[in-house]
Amino acid sequence: MKEIITKIGDHFIHIICDSNKLAEMFNVNFLTINNYNLKFDLSITIKEGYGVPFLDYKVDITKNNDQIVFRRADYLIEVDCEYKVATILVNNGLALKHALMNIYSSFIVYRNWGLLIHSSSAMEKDNVHVFAGQSGAGKSTVAKLSYPRVLLSDEATLVKISPNNVTVFNSPFRSEIEADKLEREITLDSLNLLYQSHLNKRNSLTKSEAILRLMNKVFAWQHSQEETKNIMKLLTNLVNMVPVYELHFQKNNTFWELIS
C-alpha cells in the first residue's frame, strides 16, 4: 500500500495505491509532495487486477444521482458526481495512465478550469506554443524537433482557461519524452493544428473554424449535455484569446521560423 500526494495543474491530488509496482509510475513525470496537511481537490484509490490488457479506446459511461462510472476493457473508474472521491481499478500501467487522463480531463471540465488537448507544446522565450493533432499527425515528431526548448508535453497538453488569460502547465501525461522540472504556468501564445508536408506553411483560422477543428482534439468522455456545454464554452474562450493556425511542416526544425 502506497500513499502519494501529487500536483497536476494547480490541483492537489491524494492517491492510495495497493500496488507498489503501479505506484512507481508516479516517480516519473509526476510532481510528488510531502505534505499531508494539504486540502486535496481529488482523492483516488487505485487497485490492480481488473479486466484484460488494452483492447481498444471504447469507454462505456453510466451515471446516476450519486456516481459516474467509466468502464473500459482494461480499467474501471467510479467517481462521485462532484469529482471529489474516486476509485480506479486497472489491469496494468498503461491502463492506469489512460484512466488518470480520463478522470483528470473530466475533473477539469466539470470545474470549468480548462482542457486536456491532444498535442505537444514547447516554450519559446516566455511563451508556449501548442501543436495539436490526432495520432500520427506529428505531435511527438514536433516535440523532438523542438529541442533544446523546454517541452511541456508530448502527448496531452494541460491548458488552463481563465476569463482573461490562457496558460499551460507542465503535463505529467507523457508518451516518450520525460518531463523537465517546471512548476509554474506559462502563457499560451499560439495553437497550431499539425499537417505533415513537403514545405512549411502557416495559415490563420477563423474562430469558428478553430472551434470545429479543435473539438476532436480534446480528451473528453462526455456523459451529459452540461459537460458538452462546458467544453464548448471553454473552447470558445480559448479561441477568443489565443490565435489558432494550420501548421504544414517539414520533418525538420525549420517550421520554428514561422513561429518564433
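In which loop does Asn29 lie? In this predicted model, Asn29 is placed in the loop between helix H1 (20-23) and E3. The residue has a positive phi of about 80°, although Asn29 is not a glycine. Partly exposed is the class that applies to Asn29, because its relative accessibility is 25% and the class lies between the limits of 20% and 50%. A positive phi is also found at Lys125, where the value is near 60° and the residue is again other than glycine. Lys125 belongs to the loop between strand E9 (114-124) and strand E10 (127-132). With a relative accessible area of 73%, Lys125 is exposed. A further backbone feature concerns a proline: the peptide bond from Tyr147 to Pro148 is cis, and its omega is near 10°. Pro148 is located in the loop between helix H3 (139-145) and strand E11 (151-153).

The strands are considered next. An open sheet is built from 8 strands in the order E3-E1-E2-E4-E8-E7-E6-E5, and its pairing is mixed. Strand E3 (31-32) and strand E5 (60-63) stand at the edges of this sheet; each has a single partner strand, so one side of each has no neighbour in the sheet. Strand E1 (residues 2-8) pairs with strand E2 (residues 11-17) in the antiparallel sense, over 7 bridges. Within E2, Phe12 is the residue that stands opposite Lys7.

Arg72 is part of strand E6 (residues 67-72). A relative accessible area of 4% puts Arg72 in the buried class, for which the limit is under 20%. When residues up to four places away in sequence are not counted, Arg72 touches Tyr50, Phe54, Asp56, Tyr57, Lys58, Val59 and His98. Between Arg72 and Leu238 there are 166 residues of separation along the chain, and their C-alpha atoms are 30 Å apart.

Strand E16 (residues 244-249) is mostly covered, with 6 of its 6 residues buried. In a regular strand, side chains alternate between the two faces of the sheet. Both faces of E16 are covered: Val244, Glu246 and His248 are buried on one side, and Tyr245, Leu247 and Phe249 are buried on the other. Two pairings involve this strand. Strand E14 (residues 186-196) pairs with E16 in the parallel sense over 6 bridges, whereas strand E15 (residues 201-204) pairs with E16 in the antiparallel sense over 4 bridges. Leu247 takes part in both pictures: Leu194 stands opposite Leu247, and Leu247 is also the bridge partner of Arg202.

Apart from neighbours within four places in sequence, Ala132 is in contact with Ile117, His118, Ser119, Leu191, Asn192, Leu193 and Leu194. Ala132 is buried, and its relative accessible area is 1%. The C-alpha atoms of Ala132 and Ile117 are separated by 7.2 Å, while the two residues are 15 residues apart along the chain.

The last part concerns helix packing. Two packed helices are described by the angle between their axes and by the distance between the axes. Helix H4 (residues 207-214) packs with helix H5 (residues 225-241) at an angle of about 135°, and their axes are 10 Å apart. H4 and H5 are therefore oblique to each other. The crossing in which H4 passes H5 is right-handed. On the H4 side the contact involves Lys207, Ala210, Ile211 and Leu214, which meet Met232, Leu235, Thr236, Leu238, Val239 and Asn240 of H5. By type, the residues of the contact of H4 with H5 comprise 7 nonpolar, 2 polar and 1 charged.

H5 also packs with helix H2 (residues 93-110): the axes of H2 and H5 come within 9 Å and cross at roughly 80°. H2 and H5 are therefore roughly perpendicular to each other. Ser106, Val109 and Tyr110 of H2 make this contact with Glu227, Asn230, Ile231 and Leu234 of H5. The residues of the contact of H2 with H5 consist of 4 nonpolar, 2 polar and 1 charged.

Methods:
Residues numbered from 1 in each chain as written. Predicted model: local features only at pLDDT ≥ 70, side-chain atom pairs only at ≥ 80, totals over all residues. Heavy atoms only, no water. Buried < 20%, exposed > 50% of the residue type's maximum accessible area, 1.4 Å probe, protein only. Pairing = 2+ DSSP bridges. Axes fitted to C-alpha atoms, helices over the stretch in contact; angles between N-to-C directions. Parallel < 35°, antiparallel > 145°, perpendicular 65-115°, else oblique. Left-handed = near helix turned anticlockwise from the far one by under 90°. Contact = heavy atoms within 4.5 Å. Nonpolar A, V, L, I, M, F, W, Y, C, P; charged D, E, K, R; others polar.
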